[in-house]
Amino acid sequence: MEIRDAKLEDAAAICEVLRQSVTNLCIGDHKNDPAILGAWLGNKTPETLKGWIADPSRQMLVVTEEEDVLAVGGVLDTGEITLNYVLPSVRMRGISKVMVEALESRAKERGAKTCTLNSTGTARRFYLAMGYAEQEPKTGMFGAIVYPMSKLL
Ligand SMILES: CC(C)(COP(=O)(O)OP(=O)(O)OC[C@H]1O[C@@H](n2cnc3c(N)ncnc32)[C@H](O)[C@@H]1OP(=O)(O)O)[C@@H](O)C(=O)NCCC(=O)NCCS
């Protein structure tokens, strides 16, 4: 297993990870509501992903095994973690923990003092265990409830 910077040619494989993870792991969040799920998946296209990978103010990382992309993470130079998704088939293998630690290191290297994120309900206990403190839940940009969190680096 390897963690590395995402490349433009990973865009389609990353989209597949995102679609499978959101659709199958985050059911408690979108509750199979077509409006929420549609909005959540709507910007997860290879074209959007290529833009994020090429964005110099954004770090995009992937965990790979042989040629397969197993997980994707993203963090802005501001310290905001924007993505952290794992394939359902490799959940609970420590992959997201490695990913979040790598995103935090990248953010710190690039000058951030704090990491922030909007957790799903699905990942809420995971982030609390990773040392994040939560604020009041709110409705997120796709219509599901999110849990704003932060951690001093
Ligand atoms: C929750 C999720 C992110 C965890 O990823 P993962 O790769 O399965 O987690 P890991 O295997 O790295 O687990 C790390 C630790 O967190 C714990 N953990 C993982 N998921 C957990 C959960 N839902 N609740 C409580 N603890 C959890 C693990 O037991 C492990 O603990 P340990 O270090 O004491 O053994 C992932 O399973 C998931 O559901 N992702 C869906 C997408 C999502 O919601 N992403 C977040 C967007 S903000």
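User: Which residue in the turn of the hairpin formed by β2 and β3 has a positive phi?
Analyst: This is a predicted model, in which local features need pLDDT of at least 70, side-chain atom pairs count only at pLDDT 80 or more, and totals for chains, interfaces and linings use all residues. Residues are numbered from 1 along each chain as its sequence is written. Helices (H or I, at least four residues) and strands (E, at least two) are DSSP runs numbered from the N terminus. Two residues lie between β2 and β3 in the hairpin, and the one in the turn whose phi is positive, at about 50 degrees, is Glu 66.

User: What is the average twist from one strand to the next in the four-stranded sheet?
Analyst: The four strands form an open sheet with antiparallel pairing, in the order β1-β2-β3-β4. At its edges are β1 (2-5) and β4, each of which pairs on one side only. From one strand to the next, the twist averages 20 degrees.

User: Which residue in β2 is the bridge partner of Asp 5?
Analyst: β1 and strand β2 (residues 58-65) run antiparallel and are joined by four bridges. Within β2, Glu 2 has Thr 64 as its bridge partner, while the partner of Asp 5 is Leu 61.

User: At about what angle does α5 run to β3?
Analyst: Axes are lines fitted to C-alpha atoms, for helices over the stretch in contact, and angles run from 0 to 180 degrees between N-to-C directions. Contact between two residues requires that their C-beta atoms, placed from the backbone, lie within 7 Å. The helix α5 lies across β1, β2, β3 (68-76) and β4, and its angle to β3 is about 35 degrees.

User: Is Met 92, with its positive phi, buried or exposed?
Analyst: Most residues other than glycine have a negative phi. Met 92 is not a glycine, yet its phi is positive, at about 65 degrees, and its place is in the loop between β4 and α5. Because Met 92 has 7 C-beta neighbours inside 10 Å, it counts as exposed.

User: Is Tyr 132 buried or exposed?
Analyst: Tyr 132 is placed in the loop between α6 and β6 (133-134). Not counting residues up to four places away in sequence, Tyr 132 touches Tyr 127, Met 149, Ser 150 and Lys 151. Because 21 other C-beta atoms lie within 10 Å of it, Tyr 132 is buried.

User: Which residue in β8 is the bridge partner of Leu 117?
Analyst: β5 pairs with strand β8 (residues 145-152) in the antiparallel sense over six bridges. Leu 117 belongs to the covered face of β5, together with Cys 115 and Ser 119, whereas Thr 114, Thr 116 and Asn 118 make up the uncovered face. The partner of Leu 117 in β8 is Met 149.

User: How many residues surround the ligand?
Analyst: A residue is near a molecule if its C-beta atom, placed from the backbone, lies within 6 Å of it. Elements that each supply at least two residues of the shell include α1 (11-25), β4 (81-86) and α5 (95-109), and the closest residues are Ser 96, Lys 97, Thr 120, Ala 123 and Arg 125. The number of residues surrounding the ligand is 21.

Terms used:
Two strands pair if DSSP finds at least two bridges between them. A residue is buried if 20 or more other C-beta atoms lie within 10 Å of its own, exposed if 12 or fewer, and partly exposed in between; C-beta atoms are placed from the backbone.
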